[in-house]
Amino acid sequence: MYSDYTQYRSLLRTDFQYRCAYCLRHEFFLGGEAGCCIDHHRPIRGAYAHPELIANYSNLYWCCRECNEYKGDTWPSVEKIERGFRFIDPCRPKDDHDLHLRILPDGTLEPLTSAGRYTSDTLRLWRKQLAHYRAEMARCQREVQEIQALLSQKRLPPEERRLLETLLLELLKWLEPPVFHRPRGFQGFKGEKPEE
Ligand SMILES: [Zn+2]
């Protein structure tokens with residue numbers, strides 16, 4: 001247990017699989033770890049503040065800086081929550097994004113529930129860059145499936161098989177991008193203040 005919530009940083013990154021809890025982008029596409037930060041799911045300031053949850057691990061979410069900025073101290077009112085308007089919460093059992101939002105082939109989002117609508121509107125998940133990102137990821141996924149289907153054919157010439165296997169590895173790198181770690185024990189450079 002840490003009293004300083006920033007100490008949970010590396011644990012959170014791993015728990016959230018290096019992805020933003022809201023737009024689901026991998027850190028790799030956000031400039032690495034620096035493109036993300038720690039979000040207090042239930043705000044610790046503002047009208048619906050829960051300051052006692054400042055260092056409560058279950059209230060800490062790994063989040064991209066853009067979603068964090070749009071989210072701010074926003075939280076739905078009791079009346080809104082009663083009508084189902086709330087943030088999609090990937091830490092709640094059975095609260096996956098795809099139950100609340102459908103991704104269309106061009107990457108735009110179609111809210112399926114009030115929670116999907118609230119999350120998409122508040123965090124602007126309809127942002128153009130996000131739509132582009134989702135469309136590209138969907139295209140990668142389709143190509144992976146097509147290549148896997150071709151590779152399952154037994155009578156594939158060896159040269160063609162090798163080419164397809166190389167292509168498959170390249171595509172999988174985009175779907176499961178690498179994670180960059182600082183060397184263990186790195187304390188920052190001499191004379192520099194350590195990061196948060
Ligand atoms: Zn995000």
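This is a predicted model: local features need pLDDT of at least 70, side-chain atom pairs count only at pLDDT 80 or more; totals for chains, interfaces and linings use all residues.

Modeller: Residues are numbered from 1 along each chain as its sequence is written, and side-chain values use heavy atoms, without hydrogens and water.

Biologist: What makes C20, C23, C64 and C67 donors of the zinc ion?

Modeller: Donors are N, O and S atoms within 2.8 Å of the metal (3.2 Å for Na, K and Ca). The SG atoms of C20, C23, C64 and C67 lie at 2.3 to 2.4 Å from the zinc ion, so they count as donors.

Biologist: Why is the site of the zinc ion called tetrahedral?

Modeller: Four donors count as tetrahedral if all angles lie between 85 and 135 degrees. The angles among the four donor atoms here are 98 to 115°, so the site is tetrahedral. Ideal angles for four tetrahedral donors are 109.5 degrees.

Biologist: What spacing do the donors follow along the chain?

Modeller: The spacing is C-x2-C-x40-C-x2-C. C23, in the loop between helix 1 (9-15) and strand 1 (36-40), and C64, in strand 2 (residues 60-64), are 41 residues apart. Helices (H or I, at least four residues) and strands (E, at least two) are DSSP runs, numbered from the N terminus.

Biologist: Are C23 and C64 buried or exposed?

Modeller: Both C23 and C64 are buried, meaning under 20% relative accessible area with a 1.4 Å probe, protein chains only. Buried residues make up 38% of the 196 residues in the protein chain.

Methods
Four donors count as tetrahedral if all angles lie between 85 and 135 degrees; four count as square planar and six as octahedral if opposite donors are over 155 degrees apart and all others between 65 and 115; anything else is irregular. Buried means under 20% relative accessible area, exposed over 50%, partly exposed in between (1.4 Å probe, protein chains only).
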